Amino acid sequence: MPIASSFSILRHRAPSLHHQHFLLRSLVGFRRGNNLSIAAAKPQQQKPHNTSRRPPPSKNLLRAREKLKEYSSLAPVLSLDEKPNLADSQAIGTVAAAQANFMRVVVQSESPPSSDGGGGTGVELLCVVRAVLKKIKRRVMVGDRVLIGSIDWVDRRGMIENVFRRSSEVLDPPVANVDHLLVLFSMEQPKPEPFSLTRFLVEAESTGIPLTLALNKTELVDSQAVDAWNSRLREWGYEPVFCSVGAKHGLDTLSSILKDQTTVVVGPSGVGKSSLINVLRSNTHERVGEVSMRSGRGKHTTRHVSLLPLSGGGYLADTPGFNQPSLMKVTKQSLQQTFPERSNELEKCSFNDCLHLGEQGCIVTADWERYPFYLQLLDEVRIREEFQLRTFGTKKEGDVR
């Protein structure tokens, strides 16, 4: 390309003076009607404002604020003797049954009068648990005394808003505010197995709740078998109650023991827990079916924990049958306290951390029937504690269990 043509192109592309003046006025914010000189187009240093513009909060911060408001609206755990002021749509009740995400709650206190005439003691409400209780891991159990809100007295529905503090708690089965434990076995179909019976008794003793040991189906055995087990259990440190649901024997004794108490009936499947509860409640419904001749267990067993009122006062908890209690509350040191036949010797032992394995100076001897059971359970508890120690800090307690 010729040099003259190149200069011609550059000359045409260069902005004119008029164009430069227009750009300069645009930079300084020229407005129509204002006569600004080129000297006024010099950039002026802006003074800092007193309030700087803050960036908008993040979504996580907004979500956290909403959660804080939600948690702040939840009252702390209510004490046993606390009497909160109730609104028209609130009441206090006891959880009688739990299944899936629903709770059956029996109203204990009179609710304020409502426009539709709802409210009153003894009304059963189908309730769900407030979502915030689940988020903060506040568990609702059968037997809990709870605060119910958002009650629809017509449809008998509500929401559990808070839980009162518990006086006691049983893990297997999960029941709160228990006054008494009834360990129920049978003399036949199935026969009592000493180690399984010991395991249930150890689990019951570890809760610190008073217990009664009862053996059902005495009509299926002779008097010699009853006398033999009576003498054997007395050596274990218990005063057993022998009863028969079929023959209506020993039921008056159990009724007087269970009166005005919240009792949890525990024992293996097929021993007649539900049948005994039905008889004590004078209720012929929901009876356990006949015992299977093949397995020796009930054909129609309880699936969920239920709290059933007694006509003479108190409650009975019908629980699913299970053959292996977890013993999660039992430790190496507390295991020895669950064998009442050696309570006197244990108190006289001079070593606080003694496991009674033949240590020098230990006065606890091995001349008692359940000492092999004690050793077997001690090994099981030690293995579990060592496993928990290895996994501590890497797994939650619920995962370890």
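Visitor: Are Phe339 and Trp368 buried or exposed?

Guide: Both Phe339 and Trp368 are buried, where buried means under 20% relative accessible area, exposed over 50% and partly exposed in between, computed with a 1.4 Å probe on protein chains only. The model is a predicted one, in which local features need pLDDT of at least 70 and side-chain atom pairs count only at pLDDT 80 or more, while totals for chains, interfaces and linings use all residues. Residues are numbered from 1 along each chain as its sequence is written, and side-chain values use heavy atoms, with hydrogens and water left out.

The search for aromatic pairs over the whole structure returns seven; rings of Phe, Tyr and Trp (its six-membered ring) pair if their centres lie within 6.5 Å, and planes under 30 degrees apart count as stacked, over 60 as edge-to-face and the rest as tilted. One of these pairs joins Phe195 and Phe373, whose ring centres are 5.5 Å apart and whose planes meet at 65°, so it is edge-to-face. It links distant parts of the chain, since Phe195 is in helix H5 and Phe373 in helix H10 (residues 371–391), 178 residues apart; helices (H or I, at least four residues) and strands (E, at least two) are DSSP runs numbered from the N terminus. Phe195 and Phe373 are each buried. Phe339 and Trp368 form another edge-to-face pair, with 5.7 Å from centre to centre and 70° between the planes. This pair also connects distant parts of the chain, 29 residues apart, with Phe339 in the loop between strand E13 (315–318) and helix H9 (343–348), and Trp368 in the loop between H9 and H10. Through ring pairs, Phe339 and Trp368 belong to a cluster together with Tyr371 and Tyr374.

E8, H5 and E9 make a right-handed β-α-β unit, right-handed meaning that, with the strands pointing away from the viewer, the path from the first strand over the helix to the second runs clockwise. In the loop between E8 and H5 lies Pro190, which is joined to Gln189 by a cis peptide bond with omega of about 0°. For context, most peptide bonds are trans, and most residues other than glycine have a negative phi. Lys217, in the loop between E9 and helix H6 (223–235), has a positive phi near 65° although it is not a glycine; Lys217 counts as buried because its relative accessibility is 9%.

Strand E8 (residues 180–186) is itself mostly covered, with seven of its seven residues buried. From E8, His180, Leu182, Leu184 and Ser186 point one way and Leu181, Val183 and Phe185 the other. E8 runs parallel to strand E9 (residues 211–216), to which six bridges join it, two strands being paired if DSSP finds at least two bridges between them; in this pairing Val183 stands opposite Leu213. E8 also runs parallel to strand E11 (residues 262–266), here with four bridges; His180 stands opposite Thr263, and Leu182 has Val265 as its bridge partner. E11 is largely enclosed by the rest of the structure, because five of its five residues are buried. Thr262, Val264 and Val266 point one way from E11, whereas Thr263 and Val265 point the other way. E11 pairs in turn with E13 in the parallel sense over four bridges, and Thr262 stands opposite Tyr315 there.

Four cavities of 30 Å³ or more are found in the whole structure, a cavity being a set of points on a 1 Å grid over the protein atoms alone where a 1.4 Å probe fits but cannot get out, with lining residues having an atom within 4 Å of a point.

Notes
On a 1 Å grid over the protein atoms alone, a cavity is a set of points where a 1.4 Å probe fits but cannot get out, and a pocket is an open set with protein on both sides within 12 Å along at least five of seven lines; lining residues have an atom within 4 Å of a point. Grid points are joined across faces, edges and corners, and a volume is the space filled by probe spheres set on the points.
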